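Dear colleague,

Please find below the structure that I am handing over to you. My notes on the domains and the chain contacts follow it.

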Amino acid sequence: MSDPLQGTLLLEDGTIIHGTGTGAPGITSGELVFTTAMTGYQEALTDPSYRGQILLFTYPLIGNYGTTPVRDQSGTIQARGAVFSTLSPAGPGQASLTGYLAEGGVPAAAGIDTRALARHIRTQGAMPAALAVYPTGAQPPLAHLQAELASCAYDAADLVSEVTLTQPEFAGEGPTVAVLDCGNKRDVVEMLLARGVRVALLPATTRAEDVLRLDPIAVIISNGPGNPANAPVIDTARALYGRVPLFGICLGHQVIALAAGARTYKLTFGHRGANHPVIDCASRQAFITTQNHGYAVDAASLPDDLLVSYRHLNDDTVEGLSHRTLPIRSVQFHPEGAPGPRDAGIILDQWLDLARSPELTGVR
Amino acid sequence: MSGSGRRLSVDSSQLIAHSSQLSAQDPERTTQNARLPRSVLIIGSGPIVIGQAAEFDYSGTQACLACRAAGVRTILVNSNPATIQTDPHIADTVYIEPLTVPSLRGIIARERPDGIIATVGGQTALNLSVALAEAGILDEFGVEILGTGFDAIQRGEDRDLFARTLRAIGEPILPSEAISSVEDALAVADRIGYPVMCRSAFALGGAGSGIAHTSEELRAQVEVGLRASGSGQVLIERSVYGWTEVEYEVIRDGDGNAIVVCNMENIDPMGVHTGDSIVIAPSQTLSDVEYHMLRAAAIHVVAALDVRGACNVQFALDRHTGHYHVIEVNPRLSRSSALASKATGYPIAKVATQIALGRSLPEIRNEITGTTAFFEPALDYVVAKIPRWPFDKLPAAPQISTRMRSTGEVMAIGRTVEEALDKAIRSLGGMDLPPGRHDIATPHAYRLPAILQALREGADPGEIAAASAIHPWFIDRLQAITHSREPVSSPPAFKLVDTCAAEFEARTPYFYRTTAPGARNEAASLPGPKAIILGSGPIRIGQGIEFDYATVHACHALSAAGVASIIINNNPETVSTDYSTSDRLYFEPLDAEAVLAIIENEREGLIGVIPQFGGQTAINLVSALQKAGIPILGTPPEWIDAAENRRRTSAILTTERIPAPIWRSVDRWEDLPGAVAEVGFPALLRPSYVLSGDGMIIVHSPADVSRYLAEHGHKPLERPLLIDQFLEDAIELNVDAVSDGREVVAVVMEQLDECGIHSGDSMEVYPVQSIGPELLARVEDTTRALARAFHVVGLMNIQFAVHRGALYVLEVNPRASRSVPFASKASGIPLADLGIRAILGERLRDLTVPAPRQDRICIKNVVFPFRVFPDLDPILGPQMQSTGESMGIGETFPQAYWKSWLGAGMRALPFGRAVLLDGLPQPERGILAAQFSATDSDVVDEIVPDLGLAVVLGRDAQHRKILRHCAATGIPAITTRRGVRALLRAMGAEMIAGVRSDDALLPV
């Protein structure tokens, strides 16, 4: 047993919250956001889209079923910190989440009234916060926390560059699907491989011409962290636009909108969870999706030929785009779930069907 | 997604002969041109029985309200008067009529509804709807089964069809085969290997289901199962005892949109009926991959069945391999869906009803968050459910398995599993371990306290997990709650149940308390004036749905009087814990700690607390509330106490010159024989402060007294024991009354069974039949005198006996009784509502009180759990054993009498069938023998096969055997001389015609 730790959170609006400390001792900062997903803490913590953020879990018992490497969505814990109500011990023989966080060097706070804090974020908006984990009995390092908080510049940062690959990676057999890695999750690659394609996972900074040289049947711009306006992939998307079937997931969806000249804006506290209802604007079929985004596409700014294909049933925000004539499609939500449902997993089939359809040979 | 929906529908329609057209392929059925039915018939679930309790009052009531809100003319039928749904204002037309095919045919012929909703009245309504369809009645009158249709019900309920449907879509199901004979069962078991699980089709609460390890066990099991099965089928499948049991509550609309409202993990592994399992929501030990694997499978199954409404899907999950099997589905509202509704705040029955009316999930508004019903609740708390078993009351072995035996359940909410479980245990009033050794390896009603005890004594958690097959993670949580907890008094922190984990601003007035360190309170005090109504907790024998009825009425009456209502209760099945019933709901244990914390939070503007609608549970809290200086509304606590105290009651009766049976009270066992001698034989022995006759017995001789002493004399006598003169062959009257302190409004009912049989177990008639106006006036005068003497404000219940022309008072209870719903419905006087008006200080003379109805006869009948507890003594006595009641309404006594039996689920009518007249002397014997083809048990070795009615006055083993047979096969049994007199009244040609004709149906 390691020595007992304390945890203190300092929010940008001056709110200070004390709890117990867990994970790795130290100080961290990031945008404080909450997810309402009740399972999938390991998938969420390793989702590169949480880069630069401190992740609060509204579900009060996190850690129940331990950790295991197969659930990782990337090679490391991506969230800068985590906030729990109860960090629950795992079952016998399972690797604990506490140990996992400590090994990952991620500070976390527990014993927090996460519901009260989630309500605070809901009304005040997602905001920068700093988190210190330090030995019990020591004074809260408020000055350090202030300094760390001052260094947090979530909205201005280019977080994609922190998480993208440095070298291309290839897997599978079949026609090539290029994935521009802005912070891609492993399960997207696995779902593509299961659909009989060769996946070329490329650094986000790969030039459009180099992408096309792979002769892909489609290019997918992946999910990823931060303000889409700062993502170093918008020019590439613009260059690929209309030249290849182009698809986007989450940040990739926002990037396609930006490449088409539309605007994105920041939501008060975003959509993060595994229960987000989305409706297909054409068929009126509805399905439950996993979401993880703080920015959204402004429907009013879309060019005439880029149609809203999906909307969020709760707040009517744009959840998907479809080009009137070109094979360009995107979704704000995560068809791969992980964590969460794959009710929308069929979208990947639809995209690949579209990419393979004979009418598109001209486009390629 | 539409794509997967299409694929599924093709698969199932190819393979299932009865498959109906599915929505995805049906261009006509779009939501835009969905035609709203003009009128809908909703079928209730009948009397409360084990396996079918208040949850169907909740779902049926929600369904009625949803239909009426949509502007659809709503017709409800149920034979159970103790329900909110049978209140006149819930539906446009209410029938309290037997739930039988002829009765329903009559209602359909008269009302001509466009559709019926079959899925909100439990297995009873589902089976009845199938029977109506199969009898051609629905086609005859052009009635459509709305929502989940006939074919979907068949695919979900017919075990063989279900297995074929699942195999067709590739969902794993246990190797199994449906059989209809013992020989086939043995052959199937040889193929798939022992142990095998037997499940009977279309059976309620797992009746006739169980595990067989050998061919002998299988033979016995199948014989029972075939009898219990509605279709003569039993499914034999491989047993997965010890796997984790997980349930998903799915809602799907006619467009194929589906969501999961909630999943639940049973702490008890597979092998225990889910109704008897300790359940946690949401699941705790499932990873995201496992959670969503089962969630996707649940939706997949529900789509293949083409459910259009709510459906519960049960899985067995092997936690070591991640493999799963679909165990079964309930394509209807269920106990689990009620629990899921209360656990999440998502109103499943209301939404399912709107789907039945043709709406799609995205079209249905979510009242809580202002979004739509296409939404999956996110919980930020943990819910624990623990069943309430009747083994404290019924002398039966507390074993539990695949046949449900609990009468009710409690639910508790906390921020950890430990907090939720601890609160659930408190909601049960603790879980005391009876003396003796308690097995941990096999499931029984005391296993949880036994495990806690073993952990407290230092047992190894790993060994307990291995022995019990309970997930070690849960054993660790149980270990944590063994560290004794001090009651936490302040500061109270209440959290909202909002369906969305704080993501939206929600409008639910639904709170729970947490004592997590540092938790902040989000329940700002409700603006006054307001009053707190204490609920009655879990349904148990003696304290059932009747108290919930009174609680709900009290709430509505408070609102009507401009006083905000706050309910504290912990029973997830009920209407009272529907967050839309009261202005604020605290889902909390009914103990002093929780109630005082809530009062502290609601102090400002609080007029007081009303305990008189919550049964004994609420009354027991009065002294703690009084000590804390909380105003008690209604009858003052000292007078509640006086009524509970026999000496004080007796002194008051003497002062008021009201006769009562001779009685004595003893504080020491050795004084008992002398006291009995003074009272004389027969005498009634009973402990004071009891609910529904616990521990009561009638002694006829000194030998009986010796036997009683031998049985109980070793225990310390904590409260005085009372000895009453027993008035043999008296007429017992049951009076429910409202008093404003001066005047009373009284409803007088007559018991049709012997005085001495617990009033809850006796048939009862309104208006009284055997006493004249003069005596009736004396009953009313005495009621008024007692109300004044006991300073009763609100409801009271009095038991009288008429013995040789003299009137005796047996019991005075200054609170709502079990019979309030029947009394209110029979007389047309809204007792609970008037009670609230009186409690709020109004005078009865200033209120409009309807004249008591005299234009018809109403008879209450009762149902007993003898089928579930075969080792129970079927001889009635002063200890209550019944679980529920039915009401028969007729223009004549015979009509009401037979309807009450039919309404209690008894089979048909006895005319033309054999009647057993065992031990019945003349002249009754001769009269009955002239009417029926009578027989005697002593002239036949076997019980008569075409038996239609039994009169059994004897008390020996043979008589008990006959009574058990009657209970098991649904044959009315009369066991008292007074009961025979009622039977004789019910004879006559006019009633035979009356009961059989559709004209006999009387809308309430």
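The domain bounds used here come from an automatic or database domain assignment. On that basis, chain A of this predicted model is divided into domain 1, covering 5–155, and domain 2, covering 160–362. The C-alpha centres of domain 1 of chain A and domain 2 of chain A are 28 Å apart.

Contact between the two domains of chain A involves 25 residues of domain 1 and 25 residues of domain 2. On the domain 1 side, at least two residues each are supplied by β3 (26–35), α1 (41–45) and α3 (114–124) of chain A. The largest share of that side, 3 residues, is from β3(A). Sorted by class, the side of domain 1 of chain A that touches domain 2 of chain A consists of 9 nonpolar, 10 polar and 6 charged residues.

I turn next to the contact between the chains. Chain A contributes 42 residues to it and chain B contributes 46 residues. Within chain A, the elements giving two or more residues to the side that touches chain B are α3, β15 (264–280) and β16 (286–297). Here the largest share, 5 residues, comes from α3(A). The class composition of the side of chain A that touches chain B is 19 nonpolar, 16 polar and 7 charged residues.

With kind regards

Key: Residues are numbered from 1 along each chain as its sequence is written. Chains are lettered from A and ligands numbered from 1 in the order in which they are written. This is a predicted model: local features need pLDDT of at least 70, side-chain atom pairs count only at pLDDT 80 or more; totals for chains, interfaces and linings use all residues. Two residues are in contact if their C-beta atoms, placed from the backbone, lie within 7 Å. Helices (H or I, at least four residues) and strands (E, at least two) are DSSP runs, numbered from the N terminus. Ala, Val, Leu, Ile, Met, Phe, Trp, Tyr, Cys and Pro count as nonpolar, Asp, Glu, Lys and Arg as charged, and the others, Gly among them, as polar.
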